[in-house]
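Keep the sequence and the 3D view open while reading.

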Amino acid sequence: MKTRNYTEREERIARFAKAMGHPARMAILHFLASQQSCFFGEIHEVLPIAKATVSQHLKELKDAGLIQGEIETPKVRYCINRDNWRLARSLFAEFFSDEPRDSSCCG
């Protein structure tokens, strides 16, 4: 079996895409991006998502590097990771700027 080594760029965009691949995570990102500063509080109170589910989604977003979170007892602070946000925006823009070749195979 032949293996293919993916580029770092392909790996990064795939990781960001996976993290963004759930509507709840998109809602969390949209909410955090709309904040003037880091959000202190319970996101499950703002979005119609169970607390345990919110925690799982936050972990996925944090592991992908799209958000940052710090525990400041008794609260947790969340905000967009601006460097990775810009990187993701650039990677997706570059990816979608490539026009597919003309092909008659799909009608």
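Ile43 touches Ile28, Leu32, Val54, Leu58 and Tyr78, leaving out residues up to four places away in sequence. This is a predicted model.

Ile43 also belongs to the largest nonpolar core, which has 22 residues. Ile43 is one of those that touch the most other members, along with Ile28, Leu32, Leu58, Leu61, Leu66 and Ile67. Two or more residues come from each of α1 (8–19), α2 (23–33), α4 (51–64), β3 and α5. The top contributor is α2, with five residues.

Two packed helices are described by the angle between their axes and the distance between the axes. The table gives both values, then the handedness.

| Feature of the α1 and α4 pair | Value |
|---|---|
| Angle | about 165° |
| Distance between axes | 9 Å |
| Crossing | left-handed |

The angle is over 145 degrees, so α1 and α4 count as roughly antiparallel. On the α1 side, Arg15, Phe16, Lys18 and Ala19 make the contact. They meet Glu60, Leu61, Asp63 and Ala64 in α4.

Last, a loop residue. Where does Asn81 lie? Asn81 sits in the loop between β3 (75–80) and α5 (82–97). Is Asn81 buried or exposed? Its relative accessible area is 15%, under the 20% cut-off, so Asn81 is buried. A polar atom of the Asn81 side chain lies 3.2 Å from the backbone nitrogen of Asp83. Leaving aside neighbours within four places in sequence, Asn81 is in contact with Gly65, Leu66, Ile67 and Gln68. Of these contacts, Leu66 and Ile67 are also among the core residues that touch the most other members.

How values were computed: Residues numbered from 1 in each chain as written. Predicted model: local features only at pLDDT ≥ 70, side-chain atom pairs only at ≥ 80, totals over all residues. Heavy atoms only, no water. Helix = DSSP H or I, 4+ residues; strand = E, 2+ residues; numbered from the N terminus. Buried < 20%, exposed > 50% of the residue type's maximum accessible area, 1.4 Å probe, protein only. Polar contact = N/O pair within 3.5 Å; in protein donor to acceptor, adjacent residues only side chain to side chain. Contact = heavy atoms within 4.5 Å. Core = buried A, V, L, I, M, F, W, Y, C linked by side-chain atoms within 4.5 Å. Axes fitted to C-alpha atoms, helices over the stretch in contact; angles between N-to-C directions. Parallel < 35°, antiparallel > 145°, perpendicular 65-115°, else oblique. Left-handed = near helix turned anticlockwise from the far one by under 90°.
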